[in-house]
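Thanks for making time this morning.

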Amino acid sequence: MIEIDELMVESARQHLPLLNDCSPFSSGSCFDEPRTDLLLEDAFAWFMTRFKLGEPSSEEKFDLIIFDALDPEDPVEFAEALYQSTAFWGSILEALLDDGILVMQVGSSPAENQYGEQFGLNKNRAALFKTVKKIGFESMHIFEERHCGFVRPWSFLVACKSAERCSWFHNSAEVEFKIRQRILPRHDGENTLRYFDGATMHSYQTPTRAWQTVYCRAEPQPPECALLGQNAPQFRVELESLRQNGRQFIAESDIPVGSHLRQETFQLTESASSIISQLGTKAFSNLPEAAEPKNGSPLTLASLKLLGCTVDPLLLDTSKEVNLSQGVSPVRDRNRWILDTGLNIARETIQEGQVIVSCV
């Protein structure tokens, strides 16, 4: 732990004993725990003198760095210098192991009626997001916590040095397993973590609608906003005899060229689920569990193809290739299932009544 303000450390030791209690794991105060290494120094200078972006260092590196500094919206010169410093955040990147992770608070969460992050008080936060991408963090995610005791929900950034080793989207069961595998047990047998479990982690994985809305008010607008921020065109499902014409997805109204047909477009009714089930469970063997058809559940075109359906290639481009912003993207994280299975873009204007998908 590195903290420049010695008075604050001593005040916490004397007056906030509940926040520094390590007795369930060892004994007494966490300040006196043998594994605690407390440095009363300037963290900015400490990292900058030991680690430099792109240069080797003999210093021991970290699995995890948890960073709590000035709120990015604080109108002081140091906040601007800190959040826009490529040299400092480069030193943080170099201080991490190859699979290391940076976690930091990034101020109060945006409201949906707010302007873009690059304008006004949140410009330092917008600059930080660009900087951590520029220096080489490969996987970045924003999440919100409403139980910090502040007036508004608070936002946090998680930045993984390696995208391949980042486990941000592990499911609830995987998170629970890792908690039990790695967390220290308490002497009294109580749960070690009071507020965090697999379900909580699952809620963090999808940024709020407000974060997506404000993100898309940036100038220039991130490319994924035009594809994923619009309302999905509506379709009706025509249910006919499987022996005659099969099942078809037909446009209810004209769909302009370039429109994005979102996953929710292909919605199975109870009857449709019943018909598809006649294809046999073998058809579902290559589908992820989340893509298996259930009453009222959406299917991607990729799933429909595996079920024997055909898509008119002259009408719809189902390519996965799409120009996405790298770095922090609430839009990408909110729509990751759609992006992972391909975007469905109208190649030309689709006329009302045209058949787009046929399942036989």
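Let me start with Cys216 and Cys225, which form a disulfide with their sulfur atoms 2.1 Å apart, a disulfide being a pair of cysteine sulfur atoms within 2.5 Å. The torsion about the S-S bond of Cys216 and Cys225 is -90°, and the link is left-handed. Cys216 counts as buried because its relative accessibility is 15%, where buried means under 20% relative accessible area, exposed over 50%, and partly exposed in between, with a 1.4 Å probe and protein chains only. Cys225 is buried as well, at 6%.

Before I go on, a word on the basis: this is a predicted model, in which local features need pLDDT of at least 70 and side-chain atom pairs count only at pLDDT 80 or more, while totals for chains, interfaces and linings use all residues. Residues are numbered from 1 along each chain as its sequence is written, and side-chain values use heavy atoms, with hydrogens and water left out.

How many disulfides does a search of the whole structure find? It finds three. One of them joins Cys22 to Cys30, with the sulfur atoms 2.0 Å apart, and this disulfide is right-handed because its S-S torsion is about 100°. Cys22 is buried at 13%, whereas Cys30, at 23%, is partly exposed. Another joins Cys160 to Cys166, S to S 2.1 Å, and both of these cysteines are buried.

Finally, Ile250 lies in strand E6, residues 247-251, strands being DSSP runs of E, at least two residues, numbered from the N terminus. Ile250 is buried at 9%, and its C-alpha atom is separated by 5.6 Å from that of Gly353, 103 residues apart along the chain.

Technical notes: Helices (H or I, at least four residues) and strands (E, at least two) are DSSP runs, numbered from the N terminus.
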